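Hi everyone, thanks for making time.

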Amino acid sequence: MPSLRSSLPTLLRCLILLSLLAADQAIAHAIGGRDAAFVAATRGPAPGPFLYLGAKHMVTGYDHLLFLAGVVFFLRRFRDVLIYVSLFSLGHSSTLLSGALFGFGLNSWLVDAVIGLSVAWKAFDNLGGFETLVGRRPDPKLMVLLFGLIHGLGLATKLEALKLHREGLVINLLSFNLGVEIGQIVALAIVLALIAGLRRTALFARTAVALNWAIMTSGFVLIGTQLAGYTIAEGY
């Protein structure tokens, strides 16, 4: 695992550039346009379309994908990937379904800010930051499960904002959640293939540091953007 203190001079320009690029893409993804109109107007079971929407939301959900990329970045065994991804899935499925069914009424800006924190946390963990600062890591499996709960809440707030009709709600939510899982598998397969290819190169160690700095920077950009959106939305 690379050291947090390594390669800082080399990466500074890359970090600044990636921060500027990430800022342009940091507005929270949501279900909008025709998709939102369809979801809001749907009465009764529509498993096919909700399955598609769930998969689309995960594949285009850069905050979820950044977190998952950080989670699997240094995992070499399929068993470990399966354990961590299962913990994340358990967390986000629980809060996605319960949040959308019972309406927790949480503010989506604040939930997405915590999702941004999860992205920054994982990259910081990958860079050995916790060992450097406090001498030990928080339990990575527990943290992935906890942040999975938060990511599920983020998905639930997007659906809750659309005022879903109660008729067919359960089957539609289950279909959406299944779609999320399918989209996650597709996205993870691509991410794992890219990381595996990178690992075969001589530049993996240095590139790994740069990429995790970029992920951490993106997380902080997401936090700042969501908090700014919250203050504007609330009129502060």
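Predicted model: local features only at pLDDT ≥ 70, side-chain atom pairs only at ≥ 80, totals over all residues.

Okay, let's start with helix α2, which covers residues 33-41. Which residues of α2 are buried? They are Asp-35, Ala-36 and Val-39. Now look down the axis of α2: those buried residues fall within an arc of 95°, so they line one face of the helix. And what do they pack against? That's α3, residues 47-59.

How many does the structure hold? Four. I'll take you through some of them.

Take Asp-112 and Lys-158. They form a salt bridge, and their closest N and O atoms are 3.0 Å apart. Asp-112 belongs to helix α6, residues 108-126, while Lys-158 belongs to helix α8, residues 140-160, so this pair ties together parts that are 46 residues apart in sequence. Are these two buried or exposed? Buried, both Asp-112 and Lys-158.

Next, stay in helix α6 and find Asp-125. One of its partners is Lys-122, with the closest N and O atoms 2.9 Å apart in that salt bridge. Both residues lie in α6, three residues apart, which is about one turn of the helix. Here's the general point behind that: an α-helix has 3.6 residues a turn, so residues three or four places apart point the same way.

Why do we call Asp-125 buried? Because its relative accessibility is 0%, and the cut-off for buried is under 20%. Lys-122 counts as buried too, since its relative accessibility is 4%.

Asp-125 also forms a salt bridge with Arg-137, and there the closest N and O atoms are 2.7 Å apart. Arg-137 sits in the loop between α7, residues 129-134, and α8, whereas Asp-125 is in helix α6, so the pair ties together parts that are 12 residues apart in sequence. As for Arg-137 itself, a relative accessible area of 30% makes it partly exposed.

Key
Residues numbered from 1 in each chain as written. Heavy atoms only, no water. Salt bridge = Lys/Arg side-chain N within 4 Å of Asp/Glu carboxyl O. Helix = DSSP H or I, 4+ residues; strand = E, 2+ residues; numbered from the N terminus. Buried < 20%, exposed > 50% of the residue type's maximum accessible area, 1.4 Å probe, protein only. Arc of directions from axis to C-beta. Contact = heavy atoms within 4.5 Å.
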